[in-house]
Amino acid sequence: MNLGHAMLDTVLITGSAKRGGAAIARVVHDRGYRVIVHSRKSSEQEARLLMAELNVKRADSACLWIEDLSEQMLTLPDFTNLVGVVANASEYRNSDLSSPSALLMEDLRTHLLGHLEIIKHCKDVLIKRQGAIVAICDIHTERPNKNYLSYNISKGALHMAVKALAAELAPDVRVNAVSPGALEWPIAHSIDTARQQEILASIPLQRVGTFEELAKAVCFLLFDATYTTGATLMVDGGRSSFLA
Ligand SMILES: NC(=O)c1ccc[n+]([C@@H]2O[C@H](COP(=O)([O-])OP(=O)(O)OC[C@H]3O[C@@H](n4cnc5c(N)ncnc54)[C@H](OP(=O)(O)O)[C@@H]3O)[C@@H](O)[C@H]2O)c1
């Protein structure tokens with residue numbers, strides 16, 4: 001299966017059926033690129049709707065790739081004319097030392113190993129097209145978030161991969177990270193009002209960020225920051241400067 005396009009510069013955004021990933025897909029698409037919307041089965045319906053929305057705007061400007069990145073053996077399609085990869089797919093869930101080891105392995109696959117497989121698979125086309133990679137990390141890759149052990153470890157590993165790959169793939173492919181702080185509050189982990197106030201008090205810009213702000217930062221690193229590699233752009237309202 002070839003998800004690329006003979007004529008059109010294409011960007012793959014993992015986990016892009018909804019929320020932050022979908023915002024990135026829309027902003028990348030607005031910049032004139034063809035996008036590969038990626039999701040696992042559980043979000044296939046939202047992914048199909050997004051693909052249809054983008055194809056209404058421009059014919060054949062979006063396609064779909066369904067794959068669970070936590071699977072041990074990924075089925076990787078061909079990606080002709082790929083100029084960008086955004087490693088966004090993410091599993092945000094509680095874990096600590098009492099959690100099953102299988103959970104840590106799953107999160108490592110989703111955040112790190114799945115994305116490494118994709119990059120390995122696309123390396124030649126990215127080099128040929130002088131492309132760029134952006135990984136979405138987290139302010140907590142530097143200072144861990146309590147009770148999110150496997151999330152911290154696996155996002156932290158992804159952050160190190162950005163720096164290591166930036167060195168390995170230079171001068172052909174730029175590799176950078178965006179580290180968000182609190183964006184639009186997560187739905188699955190409803191945060192109580194007191195905790196929300198506590199978080200807001202730690203953000204100099206006094207609000208959470210929007211997914212569109214995340215997407216604009218990603219596009220800056222993908223397309224505009226042509227003399228930047230191995231860097232991390234914080235999208236956190238200034239919060240990381242004030243973490244204890
Ligand atoms: N929101 C925040 O406040 C915040 C803060 C710091 C960092 N970030 C990072 O910013 C990015 C966007 O945030 P978000 O809130 O939109 O993330 P999110 O809601 O956690 O969404 C991530 C997407 O990844 C998909 N995904 C998870 N595991 C997968 C797997 N094994 N294979 C394929 N897809 C998988 C999810 O699919 P399903 O829809 O099927 O679950 C989901 O659509 C993420 O990388 C996140 O870690 C967000």
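Q: Is tyrosine 151 buried or exposed?
A: This is a predicted model, and in it tyrosine 151 counts as buried, because its relative accessibility is 5% and the cut-off for buried is under 20%.

Q: And what about tyrosine 92, how does that one count?
A: Tyrosine 92 counts as partly exposed, with a relative accessibility of 29%.

Q: How many aromatic pairs are there by the ring rule?
A: There are four aromatic pairs. One of them joins tryptophan 65 and phenylalanine 79: their centres are 5.6 Å apart, the planes make an angle of 70°, and the pair is edge-to-face.

Q: Where do tryptophan 65 and phenylalanine 79 sit in the chain?
A: Tryptophan 65 is in strand 3, while phenylalanine 79 is in the loop between strand 3 and strand 4, so the pair links distant parts of the chain, 14 residues apart. Both tryptophan 65 and phenylalanine 79 are buried.

Q: OK, back to the tyrosines. Why is the pair of tyrosine 92 and tyrosine 151 edge-to-face?
A: Because the planes of the two rings are at 85°, and over 60 degrees counts as edge-to-face. The ring centres of tyrosine 92 and tyrosine 151 are 4.9 Å apart.

Q: Which parts does that pair tie together?
A: Tyrosine 92 belongs to the loop between strand 4 and helix 3, and tyrosine 151 to helix 4, so the pair ties together parts 59 residues apart in sequence. There's a cluster here too: ring pairs link Tyr92, Tyr148 and Tyr151.

Q: Switching to helices: at what angle do helix 3 and helix 4 cross?
A: Their axes cross at roughly 20° and come within 8 Å. That makes helix 3 roughly parallel to helix 4, since angles under 35 degrees count that way. Helix 3 passes helix 4 in a right-handed crossing.

Q: Which residues meet there?
A: From helix 3 they include Leu104, Leu108 and Leu112, and from helix 4 they include Tyr151, Leu158 and Leu165. By class, the contact of helix 3 with helix 4 has 13 nonpolar, three polar and three charged residues.

Q: And how do the axes of helix 1 and helix 6 cross?
A: The axes of helix 1 and helix 6 come within 8 Å and cross at roughly 50°, and the two helices are therefore oblique to each other. Helix 1 passes helix 6 in a right-handed crossing.

Q: What meets what in that contact?
A: Among the residues in helix 1 are Ala23, Ile24 and Val27, and among those in helix 6 are Leu214, Val218 and Leu222. The residues of this contact divide into eleven nonpolar, one polar and two charged.

Conventions:
Residues are numbered from 1 along each chain as its sequence is written. This is a predicted model: local features need pLDDT of at least 70, side-chain atom pairs count only at pLDDT 80 or more; totals for chains, interfaces and linings use all residues. Side-chain values use heavy atoms; hydrogens and water are left out. Rings of Phe, Tyr and Trp (its six-membered ring) pair if their centres lie within 6.5 Å; planes under 30 degrees apart count as stacked, over 60 as edge-to-face and the rest as tilted. Helices (H or I, at least four residues) and strands (E, at least two) are DSSP runs, numbered from the N terminus. Buried means under 20% relative accessible area, exposed over 50%, partly exposed in between (1.4 Å probe, protein chains only). Axes are lines fitted to C-alpha atoms, for helices over the stretch in contact, and angles run from 0 to 180 degrees between N-to-C directions. Angles under 35 degrees count as roughly parallel, over 145 as roughly antiparallel, 65 to 115 as roughly perpendicular and the rest as oblique. A crossing is left-handed if the near helix is turned anticlockwise from the far one by less than a right angle, and right-handed if clockwise. Contact means heavy atoms within 4.5 Å. Ala, Val, Leu, Ile, Met, Phe, Trp, Tyr, Cys and Pro count as nonpolar, Asp, Glu, Lys and Arg as charged, and the others, Gly among them, as polar.
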